[in-house]
Number of protein chains: 2
Amino acid sequence: MMTPHFVLPMFFAGLLAGSTAAQTVEPFKPAAKPGAEPTTTLAQQYREVSERIMAATMAGNDSFKKLEQLCDDVGHRLSGSPQLDKAIEWAIDSLKRDGQENVRAEPVMVPHWVRGEESCTMVSPRREPFPLLGLGGSIGTPPEGITAQVVSVKNEEELEALGDAAKGKIVLFDNPMQPYSKEKGSGYGTTVRFRGKGAILAAKKGAVACLVRSVTAHSLRSPHTGALRYEEGTPKIPAAAITTEDAAMVSRLQARGIPVTVTLKMEAKTLDPAPSANVVAELRGSQWPDEIVVISGHLDSWDAGQGAQDDGGGCVQAMESINVLRKLGLRPKRTIRVVLWTNEENGLAGGKQYAKDHEAELANHVAAIESDGGSFRPEGYTLECKDADREAVAIEQLKEITNLFASFGATRAEKGGSGADIGAMKPAGVVLLGHDVEGSTYFDYHHTLADTLDKVNPVELSQNVAVMAVTAYVLADMPDRIGSRPQTQESNGASK
Amino acid sequence: MMTPHFVLPMFFAGLLAGSTAAQTVEPFKPAAKPGAEPTTTLAQQYREVSERIMAATMAGNDSFKKLEQLCDDVGHRLSGSPQLDKAIEWAIDSLKRDGQENVRAEPVMVPHWVRGEESCTMVSPRREPFPLLGLGGSIGTPPEGITAQVVSVKNEEELEALGDAAKGKIVLFDNPMQPYSKEKGSGYGTTVRFRGKGAILAAKKGAVACLVRSVTAHSLRSPHTGALRYEEGTPKIPAAAITTEDAAMVSRLQARGIPVTVTLKMEAKTLDPAPSANVVAELRGSQWPDEIVVISGHLDSWDAGQGAQDDGGGCVQAMESINVLRKLGLRPKRTIRVVLWTNEENGLAGGKQYAKDHEAELANHVAAIESDGGSFRPEGYTLECKDADREAVAIEQLKEITNLFASFGATRAEKGGSGADIGAMKPAGVVLLGHDVEGSTYFDYHHTLADTLDKVNPVELSQNVAVMAVTAYVLADMPDRIGSRPQTQESNGASK
């Protein structure tokens, strides 16, 4: 189905880039062949320019430098925090310095949850502090804390089987995430449910607080935070993540008939919503500037670590993608719009506000890409669209595009999830792409103190920039909108 | 040189064990062949009994159950702490319950360092707490802490090049440990020098405190503690380990010309020496009970995690080795003596006291084994002896013994280090063996909060018990002392 692999050795890439970077580049004219055999057209049309983009990106770009500034100068940046404000300022300054167009902050009101001091101490059968991260959105405890016996359950069935035994206790959901496998993936999707709804399940059984085993298969006594949900009509109880190690120990002691009691103290509270913003910048289109290809990551993070993999890397991938294209003098027919979302982690207010503010414009959103799986070696894209026919056509076209990334092993192009923020554009029928990477270690760092810059490999980050820049360029420049069957005239899907 | 590999599939091992465990076992009589060709004798003589020991051990033993009790009921156990006292009590009770002989606590006075509260907070260019573990033996800071600029150096040369620039500053030794490789090992030996002598080096340059990059190649923002040294005539300054992530960040900021200031607070202090003990138990020899083969691990740990890999596992390997032999009715000619050392981590007082108290007996110490590299898959033994001739003979004999472990892949038998505690017996000419395991992840957990029971695989722990039990049995039962050339009469090396 695909043409043979295109291999661009890094050494050769460097040479190419050295030569192209030095000269002023004429705007690229793809060899459009209206009416030609469509299954190979895109790859043929864009092979030359994609080689130039990838070579130039790998020869040197500012993505890691940008990420270093974001991580080391700003640090983590939870919605409502001064650090997120600082990150927004930094992003705007950085995009302006790069000479991007229409750089702006689009206001969004975001939830404002603050952690405060927190601790969890096993007080019986012996005294031992448990490393802890309260769950985002949790209420706090009384100042003296909550001291109660812990009952450990593996899942909903074990909780149900307790009957009244959870009343007045602290329920621990000790549901291990299985190690990553290429076939089954991370298992995050199923295991994370206890972090999300554990507090509701426990409260319904009369528990006074909820602990969850951190959602990871690999821990060095590292707690992983994340958002919880409460629901109307069920009491809100405080909830926090403890480490896999401590969860396992509590379960072992319980299995030996030794009751475990802990004191949980949390100052967590939710303040009034705070002003924030999505950061937007553009590489304007030469022919149909009102047609938009969004490329994006989210600028907010949890209040732990540096938000390097989640999702500083996604942000700088998008920022640097248009920077690489601009430096090469490559201006596609449509507009590429960088959006750095606010509030992905605990509310998705940024994505929702964008879809609302740009509602009239969504019909002209040709595609939206989000990168929020880390900056590991790129593997390609997954794609979804509300309209099944357009989705099927789009996936075939996407295969043509990712065929260009054979040298990176990033040829994945299949139906699948896209991104939490761009999800708000799905009802409008926008073609949504999830930027896919090698995910075996992502959940080792996810939502922890250990999500720091050193976890990002600069070469892999650059590979992601190269892949995103090429994909955005092709999507913004291809004669027909992705998801539309090729037309005989130069047109776009909106006319069909 | 070695006979072909002996392979005992686990399945077959289980069957064997099932049959042997059910019956009362007659004391084993090795087919001693005085004067026979020595290079194959040991393996031939002990193949049958070693198969029985390994099969019975792998079919079921109490090593993991013991380790669970030590880790979960006692937890970590630093010299001088109530937990170490509790661990000593537990070990004595456990050994007595197993019916071991001469179970006793041999008194040792140990250093008594206490950590107290501690913190390290970056206060400029932005505020961020650094996870921290003060180094064992460190002095504390004034109550208000020490606030000073950090100067990061990679090694002694970079420190020297600073000239007076370290004066009044906090020196950070940011020397990365390289990832483990089969060829080069962990690199711990060289990297750890900054933890050991960094405070001295920094104080000599006028620094007011010392930070070291944690000695690990794999971190999830995990600080690694360990002992430091001070020296006469050089001011004592407080010293602590920060994570690899934070050390790298400080160095990155410094490289960009951005000064980093931290506030270091430590309550650490050294109290008067405290009473402690080595725990001793024996499987008495049938023929030469005054000749001793020591098998050992250390019972103390750092005050973080559970001391599971370092070195609870080594302790239960030794405890369970004589338990397995006793249950099988296997009593060797010489005495196998279990010693659980106190104070390996910060003083070696246990090993030194033993060598002193048993000085008159050391000539009859045939060999001593220490397991202190974790309870990962066993690989065999390294061996050292003050007397080069005896060492060479002993290594050849050891090869015969480890040949019995081909089914575990544990055939290593070569010259190399043994153990920190048994090292005190080296001057007396005792043959010292280091129990060797697959070491690729040991330093991920070493001296951290993450050294917990879940890091120990029960099957691998049992493999270690099997290997140690067989080795101890052969060393205690072989006609000639290890390191002695075979005699024509049944004798032992002491008569030569």
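**Conventions.** Helix axes are lines fitted to C-alpha atoms over the stretch in contact, and angles run from 0 to 180 degrees between N-to-C directions. Helices (H or I, at least four residues) and strands (E, at least two) are DSSP runs, numbered from the N terminus. This is a predicted model, in which local features need pLDDT of at least 70, side-chain atom pairs count only at pLDDT 80 or more, and totals for chains, interfaces and linings use all residues. Residues are numbered from 1 along each chain as its sequence is written, while chains are lettered from A and ligands numbered from 1 in the order in which they are written.

**Figure 1. Helices H3 and H4 of chain A.** The axes of H3(A), residues 63–74, and H4(A), residues 82–97, come within 10 Å and cross at roughly 150°. H3(A) and H4(A) are therefore roughly antiparallel to each other. Angles under 35 degrees count as roughly parallel, over 145 as roughly antiparallel, 65 to 115 as roughly perpendicular and the rest as oblique. The crossing of H3(A) past H4(A) is right-handed. A crossing is left-handed if the near helix is turned anticlockwise from the far one by less than a right angle, and right-handed if clockwise. From H3(A), A:Lys66, A:Gln69, A:Leu70 and A:Val74 meet A:Gln83, A:Lys86, A:Ala87, A:Trp90 and A:Ser94 of H4(A). Contact requires C-beta atoms, placed from the backbone, within 7 Å. By class, this contact of H3(A) with H4(A) has 4 nonpolar, 3 polar and 2 charged residues. Ala, Val, Leu, Ile, Met, Phe, Trp, Tyr, Cys and Pro count as nonpolar, Asp, Glu, Lys and Arg as charged, and the others, Gly among them, as polar.

**Figure 2. Helices H3 and H4 of chain B.** H3(B) and H4(B), residues 82–97, pack at about 155°, with their axes 10 Å apart. That makes H3(B) roughly antiparallel to H4(B). H3(B) passes H4(B) in a right-handed crossing. H3(B) contributes B:Lys66, B:Gln69, B:Leu70 and B:Val74, and H4(B) contributes B:Gln83, B:Lys86, B:Ala87, B:Trp90 and B:Ser94. The contact of H3(B) with H4(B) has 4 nonpolar, 3 polar and 2 charged residues.

**Figure 3. Helix H9 of chain A and its packing on H13.** A residue is buried if 20 or more other C-beta atoms lie within 10 Å of its own, exposed if 12 or fewer, and partly exposed in between; C-beta atoms are placed from the backbone. H9(A) packs on H13(A), residues 458–477, at an angle of about 60°, with axes 8 Å apart. H9(A) and H13(A) are therefore oblique to each other. The crossing is right-handed. On H9(A), the contact is made by A:Gly313, A:Gln317, A:Ala318, A:Glu320, A:Ser321, A:Val324 and A:Leu325. On H13(A), the contact is made by A:Leu461, A:Asn464, A:Val465, A:Met468, A:Ala469, A:Ala472 and A:Tyr473. These residues divide into 9 nonpolar, 4 polar and 1 charged. Just after H9(A), A:Gly329 takes a positive phi of about 70°.

**Figure 4. The contact of chain A with chain B.** Each side is listed by count: 22 residues from chain B and 22 residues from chain A. H3(B), residues 63–74, and H8(B), residues 244–255, each supply at least two residues of the side of chain B that touches chain A. H8(B) gives the largest share of that side, 5 residues. The side of chain B that touches chain A divides into 8 nonpolar, 4 polar and 10 charged residues.

**Figure 5. The axis relating the chains.** The same surface serves both copies, with 100% of the contact residues of chain B recurring in chain A.

**Figure 6. B:Leu253 in helix H8.** B:Leu253 lies in H8 of chain B. B:Leu253 is buried, with 21 other C-beta atoms within 10 Å. Not counting residues up to four places away in sequence, B:Leu253 touches A:Asp72, B:Pro125, B:Ile258 and B:Val260.

Terms used: Two residues are in contact if their C-beta atoms, placed from the backbone, lie within 7 Å.
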